[in-house]
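User: I would like to go through this structure step by step. Could you help me read it?

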Amino acid sequence: MNLIGTALLQKCVVSWVLSGLFLPAALLGSSHSGAVSSRLLAIIESFRERMGIEETILVRVVPYNPKLASSEPFGDGFLISIDRNFLAGLNAEDTRAMLAHEMGHIWIFTHHPYLQTERLANRMALRLVSQESLDRVYERVAVHGQSAR
């Protein structure tokens, strides 16, 4: 394991959840899911630092999430759960926007838990990504919702 991988593993900040098992992203092999987890790991770690969130954040890509992406308290930290098919349809910028929105929810949980709204989560996300990228994700949410019916 390289120095960066060791540091990420030691921090235990973001983990990839695969098939119900929590696996630190740094331990995954060179498979496609390893590449996806490394990409998510880097984005979330960057956002976490920029937003001043100290809690552990776990990520789980699941076969189905009715909300497509969601975040919730989990143990001593938070869990972001992402629908596998929805994630597969996002480009890199859209993925960043979707994660920024979920990180907005986590910021609210850690700072003002009783003010949890989509609008405030988007305002927090705008500290990380552009309005245009958030708009594109909402368009994808609408399209994904239509195709799931």
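User: To begin with, is Arg96 buried, exposed or partly exposed?
Analyst: Arg96 is partly exposed, because its relative accessible area is 30%. Here buried means under 20% relative accessible area, exposed means over 50%, and partly exposed is in between, with a 1.4 Å probe and protein chains only. Please note that this is a predicted model, in which local features need pLDDT of at least 70 and side-chain atom pairs count only at pLDDT 80 or more, while totals for chains, interfaces and linings use all residues. Residues are numbered from 1 along each chain as its sequence is written, and side-chain values use heavy atoms, with hydrogens and water left out.

User: Where does Arg96 lie, and which residues does it touch?
Analyst: Arg96 lies in helix α4. Helices (H or I, at least four residues) and strands (E, at least two) are DSSP runs, numbered from the N terminus. Not counting residues up to four places away in sequence, Arg96 touches Ile43, Phe47, Arg50, Leu128 and Val129. Contact means heavy atoms within 4.5 Å.

User: And what separates Arg96 from Val137?
Analyst: Their C-alpha atoms are separated by 9.6 Å, although Arg96 and Val137 are 41 residues apart along the chain.

User: Let us step back. How many helices and strands are there?
Analyst: The chain has six helices and five strands. Read from the N terminus, the order is α-β-β-α-β-β-β-α-α-α-α. Of the 149 residues in the chain, 44% are buried. Among contacts between residues at least 6 apart in sequence, 51% join residues at least 24 apart.

User: What is in the largest nonpolar core?
Analyst: The largest nonpolar core has 33 residues, and Phe47, Ile80, Met98, Leu99 and Met103 have the most contacts inside it. Such a core is a set of buried Ala, Val, Leu, Ile, Met, Phe, Trp, Tyr and Cys residues joined through side-chain atoms within 4.5 Å.

User: Which elements give residues to this core?
Analyst: Those giving two or more are α2 (32-51), β3 (57-62), β5 (77-83), α3 (84-88), α4 (92-111), α5 (118-125) and α6 (131-148). Helix α4 gives the most, with eight residues.

User: What is Met103 in contact with?
Analyst: Leaving aside neighbours within four places in sequence, Met103 is in contact with Ile44, Phe47, Arg48, Met51, Ile53, Ile57 and Ile80.

User: New topic: what volume does the largest pocket have?
Analyst: The largest pocket has a volume of about 310 Å³. On a 1 Å grid over the protein atoms alone, a pocket is an open set of points where a 1.4 Å probe fits, with protein on both sides within 12 Å along at least five of seven lines; lining residues have an atom within 4 Å of a point. Grid points are joined across faces, edges and corners, and the volume is the space filled by probe spheres set on the points.

User: Which lining residues are closest to its centre?
Analyst: Of the 18 residues lining the largest pocket, Ala69, His101, Glu102, His105 and Glu118 are the closest to its centre. Helix α4 gives the most to the lining, with six residues.

User: Is His105 buried or exposed?
Analyst: His105 counts as buried because its relative accessibility is 8%. His105 is found in helix α4. Apart from neighbours within four places in sequence, His105 is in contact with Ser71, Gln116, Thr117, Glu118 and Ala121.

User: What about His101: buried or exposed?
Analyst: His101 counts as buried, with 8% relative accessibility. Among the residues His101 touches, not counting those up to four places away in sequence, are Glu118, Leu134 and Tyr138.
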